[in-house]
Amino acid sequence: MCGISGILIKHCTAIGDDIVQLNNHLKHRGPDDEGYVLINKQNAQPFAGSDTPTETLNNPNFYCPKEHISNSNESHFLALGHRRLSIIDISANGHQPMCTREKQFWITFNGEIYNFIELRSELQSFGHQFYTESDTEVVLKSYEQWGNDCVLHFNGMWSFVIYDVQKNILFGSRDRLGVKPLYYFLNSNSFIFASEEKALHRSRWVKTGLNDRAVFDYLALSHAEPESEGFFQSVFAVKQGHSFIFDIQNFNYTEHQYYTPFQNKSDSRISYDESVKQLHKLLVNAINIRTRSDVEVGSCLSGGIDSSIIVMLLDRFFKEGKDSYFPKVFTAVYPNSK
């Protein structure tokens, strides 16, 4: 899990301290690295934070920072922040925010694209060059190749925001089932987003209060935030299976649905035995593709049928000699419970 954040305002001003404050409240989501990019009409410059490793500062990559964000004294209209938990390409090459070499696209990304190896090969066949082993770069190049439809190619969980310099837009997306969170605040002068609501509440740009309707739904009906506007006024969640475009020129937010559950449901009837075979094949593939990692893999085990099946298949997979270590399994119990 990583933390992403961003501040977009109508008129350029000093927002370096603001993005640091926003990002600091996501520190627990990403202890391994910290990064920023500040953008105005002249240029986009990456900056380091207090938790940016020396390895990142010494990295020659074009998106890695060379100075601390406290040294920024210019005005900007856009700031992107990132807190990294390193999973894929744990070297400094995986630093974020990341950009393409031409600096046409900048991204701050939380999640994991499980089929990034296959997508990388496909994109290379189209002529794309890669400078890292990270799935973040695959997301960037996928957007460069397919635009908004890039999300249709992803097998994974994600929330990300991309700044498209040419189109002068922000393109953001949340995975099909909403595993990765993404919240935003919007008024006539600012658009602020973050991985968690509590980070937004710490921003001087966010003016909010209790949303009485959502509180009533919860207390009276036990409905926990059924709408995109949750317990706080003007703080919204990007819906699961949705992407958004923020037109910076016109300061306009639009959201569209790219995925509907069961949209590919088949009317064909198959036997019970065939169903078992197909389900087993899908589960094995799902487990295998999720063990792609540059750090150790583990699993939760509640004792229910779903987690038990996952751990059983994981156990079988690693016993076949995939790696030198064996995955750890975690069970949460209450004190004194039987």
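**Sheet and cavity in a predicted model**

Strand E8 (residues 169-174) and strand E12 (residues 242-247) pair in the antiparallel sense over 5 bridges, where strands are DSSP runs of E of at least two residues, numbered from the N terminus, and two of them pair if DSSP finds at least two bridges between them. This is a predicted model, in which local features need pLDDT of at least 70, side-chain atom pairs count only at pLDDT 80 or more, and totals for chains, interfaces and linings use all residues. Residues are numbered from 1 along each chain as its sequence is written, and side-chain values use heavy atoms, with hydrogens and water left out.

**The sheet**

- Gly 172 stands opposite Phe 244 in E12.
- The open sheet has 6 strands in the order E5-E6-E7-E8-E12-E13, with antiparallel pairing.
- Its edge strands, each pairing on one side only, are E5 (98-99) and E13 (252-257).

**The cavity**

- The structure holds 1 cavity of 30 Å³ or more, a cavity being a set of points, on a 1 Å grid over the protein atoms alone, where a 1.4 Å probe fits but cannot get out.
- About 30 Å³ of space lies in the largest cavity, the volume being the space filled by probe spheres set on the points.
- Lining residues, which have an atom within 4 Å of a point, include Phe 62, Tyr 63, Met 98, Glu 137 and Lys 141.
- The largest share of this lining, 3 residues, comes from H4, a helix being a DSSP run of H or I of at least four residues.

How values were computed:
On a 1 Å grid over the protein atoms alone, a cavity is a set of points where a 1.4 Å probe fits but cannot get out, and a pocket is an open set with protein on both sides within 12 Å along at least five of seven lines; lining residues have an atom within 4 Å of a point.
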